Amino acid sequence: MWRPTVTQHVVVVGAGIVGVSTGIWLRRAGAEVTIVDRLGPGEGTSHGNAGVLAAVSMVPVTTPGLIPKAPGMLLSRDFPLYLRWGYLPRLMPWLMRYLANANDSDTRRIAKDLTPIVSDSVLQHRALVAELGLTKWVTDSDYCFAYRDRAAFEAEAYVWALRKTAGFEPQLIEGRDVLDYEPNISPDIKLLATLKDHGFIRDPGGYVRALAEAFKGIGGAIRTADVTDFDLRGGAIHGVETSTGRIACDDVVLATGVWSKPLMRKLGLNVPLEAERGYHIVYENAQGGPSRPTMVAAGKFVATPMTQGVRCAGVVELGGLEAGPSKAPLALLRKKTRATFPKMTATAEIEWLGHRPAPSDSLPLIGQIGSSRVFTAFGHHHIGLTGGPKTGRLIAGLVTGQPTNMDLSAYAPQRFA
């Protein structure tokens, strides 16, 4: 059980996996904690992700060779990268900084710094739920990467070499053994690269809501409201202003994903953070789908068996927060799903669009802004569910003055200043 060691009041802005994890670890340290969210627990990106505890996801999108390939990717109807062209003028400052990292030295640096956030994901989730009676939510499994053939796998040799450096080397399954391992996959898939020591969540939104209820059960408070401003006097936080009134506090944690950017502006920091629009389709009551989380290399999406059915999540679209969903990404997702799992049937399909918080250097912002007692815990790009509990644990340590046993300088929130 948690044991009180401190008495300060902390306001956590954001009730996704990062915010709720932070709240739980802070309560275990004895802090008084109020989580504030405009929608409620698990209603944003934490609801719509692929559900994978992707410990191997330390390689950024910006690998060497991306720049010359990008125009062809954008123009291809068969590649899962989309751009709302009308948004391009607003996107350009971020995009130039983002693409500047598409070189070997920066890719290796980013992969090295992402590794400690993601590589022990399953252990971190189990530590989070251990005393809360929620262990049933975390499912151990292999994580499978599906390729058309060995040549397609070898075309990603650079990425797999970085994963090996981080301690992840796949078992390769080829030929007839593919269908023995995954009976419902297309016979056109000739190679599977499988990784042990991974896991997944069968209902990500339900998981975060269950964590939020457990947080309240150990004395935490949750308020549904918009945070509109900060009471920052003498360089230190004294409270937050919300749509339902002021909340006095000693510390603030910003953990509200891409919506943290306008709040950072109020604190005098302009963070190069964009919304990467991600889609999913849930095939309700699906039969004939994957038996474990499967990354389909040709479509850059993950198919995950979940309580509701099979969720196929992925696709990258750059287009900001305001535009509605596009038809093309969903059409491609359906096409690639049918091609990979031709036997799959479902009673209905549910479409979803969410916004991943993408910093220009692909690294989350984890740390204190100067000596303000305002802490950041956002910008996790594709690894929010994977790295949420670890981030929450690190932030709780910073807030309560406990050792983190990690060099956090790579994630410093003021690194863009």
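## Helix α12 and its cover

The buried residues of helix α12 are Pro329, Leu330, Leu332, Leu333, Arg334, Lys336, Thr337 and Thr340. Buried means under 20% relative accessible area, exposed means over 50%, and partly exposed lies in between (1.4 Å probe, protein chains only). Helices (H or I, at least four residues) and strands (E, at least two) are DSSP runs, numbered from the N terminus. This is a predicted model: local features need pLDDT of at least 70, side-chain atom pairs count only at pLDDT 80 or more, and totals for chains, interfaces and linings use all residues. Residues are numbered from 1 along each chain as its sequence is written, and side-chain values use heavy atoms, with hydrogens and water left out.

What covers these buried residues? The cover includes the strands β4 (81-83), β13, β14 (294-296), β15 (301-305), β16 (309-318) and β17 (348-359). Contact here means heavy atoms within 4.5 Å. Helix α12 covers residues 327-340. At 1.5 Å a residue, its 14 residues should span 20 Å, and its end C-alpha atoms are 20 Å apart, which agrees. The expected span is 1.5 Å times one less than the number of residues.

## Two nonpolar cores

A nonpolar core is a set of buried Ala, Val, Leu, Ile, Met, Phe, Trp, Tyr and Cys residues joined through side-chain atoms within 4.5 Å. The largest one has 73 residues. Phe145, Tyr147, Tyr207, Leu211 and Val253 touch the most other members. Helix α10 (residues 204-217) gives the largest share of this core, seven residues. A second, separate core has 25 residues, including Ile247, Cys249, Ala275 and Val374.

Take Tyr147, leaving aside its neighbours within four places in sequence. Tyr147 is in contact with Ala152, Phe153, Glu156, Trp160, Ile189, Lys190, Leu191, Ala193 and Ala297.

Leu128 lies in helix α6 (residues 121-129). Is Leu128 buried or exposed? Leu128 is buried, because its relative accessible area is 0%. Beyond its neighbours within four places in sequence, Leu128 is in contact with Ser21, Ile24, Trp25, Arg28, Tyr207, Leu211 and Pro389. Leu128 and Lys390 are 262 residues apart along the chain, and their C-alpha atoms are separated by 8.9 Å.

His355 is found in strand β17. His355 is also buried, with a relative accessible area of 11%. Leaving aside neighbours within four places in sequence, its contacts are Thr45, Val258, Trp259, Ala275, Glu276, Arg277, Gly320 and Leu321.

## The second largest pocket

On a 1 Å grid over the protein atoms alone, a pocket is an open set of points where a 1.4 Å probe fits, with protein on both sides within 12 Å along at least five of seven lines; lining residues have an atom within 4 Å of a point. The second largest pocket has a volume of about 510 Å³. That volume is the space filled by probe spheres set on the points, which are joined across faces, edges and corners.

The lining has 22 residues, of which Tyr87, Arg90, Lys261, Leu273 and Glu274 lie nearest the pocket's centre. Helix α4 (88-99), helix α11 (260-266) and strand β13 (273-284) each supply at least two lining residues. The largest share, four residues, comes from α4.

Most residues other than glycine have a negative phi. Asp197, in strand β7 (residues 191-201), has a positive phi of about 60° although it is not a glycine. Asp197 is exposed, with a relative accessible area of 66%. Ser362 has a positive phi near 65°. Ser362 sits in the loop between β17 and β18 (365-368), and counts as buried at 4% relative accessibility.
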